Structures are given as structure tokens and as C-alpha cells.
Amino acid sequence: MGRSIKKLYYSIGEVSKITGLKQYVLRYWESEFPSLAPSKNRAGNRVYREKDIVLIQYIKHLLYDKKFTIEGAKQYLKSLKPEDLQKFSETGSIDDPVQESYSEEQLLEVIRKIKAGLQEILALLNEWET
């Protein structure tokens, strides 16, 4: 993710600069996301590992780019596999599930059903008005 010198541990200030997030945001996310739990050193300061930074970048991507809510991101993270984070750290993006392709006939059938449902609603509204 663009850093040339790898360290074992990073301070919250360093992580703030690396991720572009304010320190209070990092502390808040720590309270919201159980999987984000940096260790603390003897002085009681947070010490982040590389995997914590990748997770923070992942959460940031979910919230800022994919427009997830905090709750939605929490749910999404529950299904997260270690290889997902690894892939994210290499590519910087989350693969969306492959969308199924539908035939034109299948799409037309869906549109017909929606149209029929809307016509039923319109008929009910017309009855209700009279």
C-alpha cells in the first residue's frame, strides 16, 4: 500500500498518516469493530501491526468507497476470510461477487411481473379513492 520501509509496529500517529484517518476515527473504529484490536505497549500506547493497517484500509474502503454503514461493514467483516484481506492488500480493492448474467427473455419476464404488480397497486388505489 505504498510504504517502502516495513516495521513490526506502528504508532497511532503513523497509522493516521498512512491511512489518512484522524486518530479519533481509529480509536472509534476500534470500539466498533472487534476484529480491530491493536496491542498496547508497556506505556499503554496502541501499537499497530501491518495486518491491523490492512484491516483499517479495508474498513475504510467499505465505509468510504463502498458506502457501507458501520453495521453493514461489521456484518460484512464477519464473513471475511484471511485471503480476502491478503488480496485486498495486494490489489487495493474488494472483488464484488460475479454478477449472474440473465437472458433478455428472463429480464423481460421480471419487467412483466413488476408491471403486473404495479397495475394491481394502481387498481387498489383507484378502488380506495372511490
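Contact here means heavy atoms within 4.5 Å. Helices are DSSP runs of H or I, at least four residues, numbered from the N terminus.

This is a predicted model: local features need pLDDT of at least 70, side-chain atom pairs count only at pLDDT 80 or more, and totals for chains, interfaces and linings use all residues. Numbering starts from 1 along each chain as its sequence is written, and side-chain values use heavy atoms, with hydrogens and water left out.

Start with H2 and H3. Helix H2 covers residues 23-32, and its axis lies 12 Å from that of H3, at an angle of about 90 degrees. Axes are lines fitted to C-alpha atoms, for helices over the stretch in contact; angles run from 0 to 180 degrees between N-to-C directions. H2 is therefore roughly perpendicular to H3, a label for angles of 65 to 115 degrees. On the H2 side, the contacts come from Val25, Leu26 and Trp29. They meet Ile56, Ile59, Lys60, Leu63 and Tyr64 in H3.

Next, H5. The axes of H3 (residues 50-65) and H5 (residues 82-91) come within 10 Å and cross at roughly 85 degrees. So this pair, too, is roughly perpendicular. Here H3 uses Val54, Leu55, Gln57, Tyr58 and His61. Their partners in H5 are Asp84, Leu85, Phe88 and Ser89.

Lys67 sits between H3 and helix H4 (70-78). Its phi is near 60 degrees, a positive value in a residue other than glycine. Lys67 counts as exposed because its relative accessibility is 66%; the cut-off is over 50%, with a 1.4 Å probe and protein chains only.

Notes. Helices (H or I, at least four residues) and strands (E, at least two) are DSSP runs, numbered from the N terminus. Angles under 35 degrees count as roughly parallel, over 145 as roughly antiparallel, 65 to 115 as roughly perpendicular and the rest as oblique. Buried means under 20% relative accessible area, exposed over 50%, partly exposed in between (1.4 Å probe, protein chains only).
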